[in-house]
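I opened a notebook page for this chain and wrote down each thing I looked up. The entries run from whole-chain totals to single residues and pairs.

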Amino acid sequence: MVNVKKFVIHEIEKEKNVNEGFGQFSTSLNDVNDNIIDLITKLDKGFTKDERVVRTEFEDKYSFVFQDELKNYIDNQSDKVFFSFTKNSLTEMVKIIQNIPFATGGYFVYSVYKVNNKTYIGVFIVRDSEGVIFNKGVKGRYTVNTTMVINIEKLAMACRILIDGVVKGEDRYLHLTQPRKGTVSDYFSETWIGSKLVEKSISDTNSFLELIKKVDLPIDPETRKIYNIDSFREDMLKYIEGNGGVIRLTDIGMRFWENDEYLIDIVEDYNFNISNEFKASSSIKFLRKYEVSYGKIKVSFSVGDINSGHISIEDDDKIIIESKQLRSKFDKLNLLDSDENI
């Protein structure tokens, strides 16, 4: 359930290949109603599913109007200061895109809202497009007309800032849509917001390895039975390697659980600091299964089992396996109390 605390919409009017742009400002914050709650619910949901979303922090080496105004609000948290933050930051955006011919305007939705016990400041940019509607005319025939519609399912650009993360100086409190390579949209993330878009593939990969420990094992499409853990890890690794080492949470959710929101929901529920799309680091090999055997003894394990300490190699030709579950199964065999020769 989304709890909307503050809300306002401003607009920038600017067409592609035109340098001039204008800000159209609301005169005050909106009174929150069911329509606004429904809008923010849909915008936040669309944002969390967007594969462009990365998690990072503010760049603090330079001064940015957006950050200065935001911090003023966090220190005060009044309606008046929030409105000033929205208006002053949008004025700065107008100045920025004047010099970017390919940049276009749109509606800037600002909101303070709470979801999953976390309070965010969100800025969502949506644009209108021409749609078609059918109207029944006076002669009983349907006519085709055009109208302008707002596509809230597909965000142009967006960000949300975890307020507690800023206050406490935590990592990755800034979540935002990262521009595709070769596009001009970096003015949003780098010039306006001032984000620190550094490479975080190692951190993301480690979070992913922790994330899949929370999942329910899916159905193996070949056997139509629930995967065993080793086969699941192997197939997961093959799928990631088949995508050039790129991990997209929505694609993996659809591939293994037939639900593109499956992993996204776990990320939100457990507050994992992980981007929706990233290049896997070499630690993804922890998913790979290894097997060694000698005589009748066979041991299967992953690199992760060794790094976690579940399996350790001693200097005196000993391999130690630490597992309560495995010991419990061994005890049920009653081998230690048996006089039988095996």
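The entries below record what I looked up.

**Ground rules.** I am working with a predicted model, in which local features need pLDDT of at least 70 and side-chain atom pairs count only at pLDDT 80 or more, while totals for chains, interfaces and linings use all residues. I number residues from 1 along each chain as its sequence is written, and side-chain values use heavy atoms, with hydrogens and water left out.

**Whole chain.** I looked up the secondary structure and found 11 helices and 16 strands in the protein chain; helices (H or I, at least four residues) and strands (E, at least two) are DSSP runs, numbered from the N terminus. I then looked up burial, where buried means under 20% relative accessible area, exposed over 50%, and partly exposed in between (1.4 Å probe, protein chains only). Of the 342 residues in the protein chain, 40% are buried. The accessible surface, computed by the Shrake-Rupley method with a 1.4 Å probe and with only the protein chains shown counting as cover for residues, comes to about 20300 Å², and 47% of that belongs to carbon and sulfur atoms. For contacts I used heavy atoms within 4.5 Å, and among those between residues at least 6 apart in sequence, 65% join residues at least 24 apart.

**Helices α2 and α3.** How do the axes of these two helices cross? The axes of α2 (residues 65-76) and α3 come within 9 Å and cross at roughly 180°, where axes are lines fitted to C-alpha atoms, for helices over the stretch in contact, and angles run from 0 to 180 degrees between N-to-C directions. The two helices are therefore roughly antiparallel to each other, the cut-offs being under 35 degrees for roughly parallel, over 145 for roughly antiparallel, 65 to 115 for roughly perpendicular, and oblique for the rest. Residues of α2 that meet α3 include V65, F66, L70 and Y73, and their counterparts in α3 include V81, F82, F85 and N88.

**T86 and Y110.** I placed T86 in helix α3 (residues 79-97), where T86 is buried with a relative accessible area of 0%. Leaving aside neighbours within four places in sequence, T86 is in contact with V8, H10 and Y110. I then followed Y110 to strand β4 (residues 106-115) and found Y110 buried as well, with a relative accessible area of 0%. Not counting residues up to four places away in sequence, Y110 touches residues that include K6, F7, F82, F85, G122 and W192.

**R160 and its partners.** I counted as a salt bridge a side-chain nitrogen of Lys or Arg within 4 Å of a carboxyl oxygen of Asp or Glu, and the count by this rule comes to 16. D44 forms one with R160, the closest N and O atoms being 2.9 Å apart. D44 lies in helix α1 (residues 34-49) and R160 in strand β8 (residues 157-162), so the pair ties together parts that are 116 residues apart in sequence. R160 also meets E268 in a salt bridge, at 3.0 Å from N to O, and this pair links helix α9 with strand β8, 108 residues apart. Is R160 buried or exposed? R160 counts as buried, at 1% relative accessibility, and E268 is buried at 9%.

**K213 and E210.** The side chains of K213 and E210 meet in a salt bridge at 3.2 Å, N to O; K213 is exposed at 57% relative accessible area, whereas E210 is partly exposed at 39%.

**Helix α6.** I listed the buried residues of α6 (residues 201-211), among them D204, T205, F208 and L209. The buried residues of α6 pack against α7, β11 (246-248), α8 (249-257), α9 (262-270) and β12 (277-279).

**T56.** I found T56 in strand β3 (residues 53-58), buried at a relative accessible area of 2%. Beyond four places in sequence, T56 touches residues including R172, Y173, L197 and K200.
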